[in-house]
Amino acid sequence: MKVLYKTQATATGGRTGSAATTDGAFKVTLVTPKELGGPGGEGNNPEQLFASGYSACFLGALKFVASQQKVKIADDSTVTADVGIGPRDDGTGFGLDVALTIALPGVERSVAEDLVARAHIVCPYSHATRNGLDVRLIIA
């Protein structure tokens, strides 16, 4: 694969700590949610970061495949990622539960379904999770 862009981030302290990119463009305070045994409160967690990244990336993939198909995507189109975490059924660790809800106002449902299927192939987050995570795609 020819890498077109690369970034680097470092986390300190794990789920309750901080993370930042080496270029200084992004910094976040990490706080473990109470539901996972942490203090909760101000800060973010890896699931929020994953949900934000996946939803943005999937919308970008949708716009890309729509342009290839000569379909106009409205500026108010959205992708909402619901990300949950919990113990895996096999008892060997934790897993993620992910659903993407895609709203494409003004796009006929059959066209939206085709675009979403194509975007799920194109999106690098979808590709990276394909064999280890069941991502549910919901068209709003």
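This is a predicted model: local features need pLDDT of at least 70, side-chain atom pairs count only at pLDDT 80 or more; totals for chains, interfaces and linings use all residues.
Stop 1: Start by selecting β4, β5 and β6, which form an open sheet of 3 strands in the order β4-β5-β6, with mixed pairing. Colour residues 78-87 for β4 and 135-139 for β6: these are the edge strands, and each pairs on one side only.

Stop 2: Now select residues 94-103, strand β5. How many bridges join β5 to β6? There are 5, and the two strands run parallel. Show the side chain of Leu-100 and you will find Leu-137 of β6 standing opposite.

**Stop 3: the helix across the strands.** Select residues 46-68 to bring up helix α1, which lies across β4, β5 and β6. Its direction runs at about 145° to β4.

Stop 4: Next, select residues 109-122, helix α2. This helix packs on the sheet, where it touches β5 and β6, and its direction makes about 155° with that of β6.

**Stop 5: the hidden face.** Which residues of α2 are buried? Select Ala-112, Leu-115, Val-116, Ala-119 and His-120. Look down the axis of α2: these buried residues fall within an arc of 140°, so they line one face of the helix. An α-helix has 3.6 residues a turn, so residues three or four places apart point the same way. To finish, show what the buried residues of α2 pack against: α1, β5, β6 and α3 (124-129).

Conventions. Residues are numbered from 1 along each chain as its sequence is written. Side-chain values use heavy atoms; hydrogens and water are left out. Two strands pair if DSSP finds at least two bridges between them. Helices (H or I, at least four residues) and strands (E, at least two) are DSSP runs, numbered from the N terminus. Contact means heavy atoms within 4.5 Å. Axes are lines fitted to C-alpha atoms, for helices over the stretch in contact, and angles run from 0 to 180 degrees between N-to-C directions. Buried means under 20% relative accessible area, exposed over 50%, partly exposed in between (1.4 Å probe, protein chains only). The arc is that of the directions from the helix axis to the C-beta atoms.
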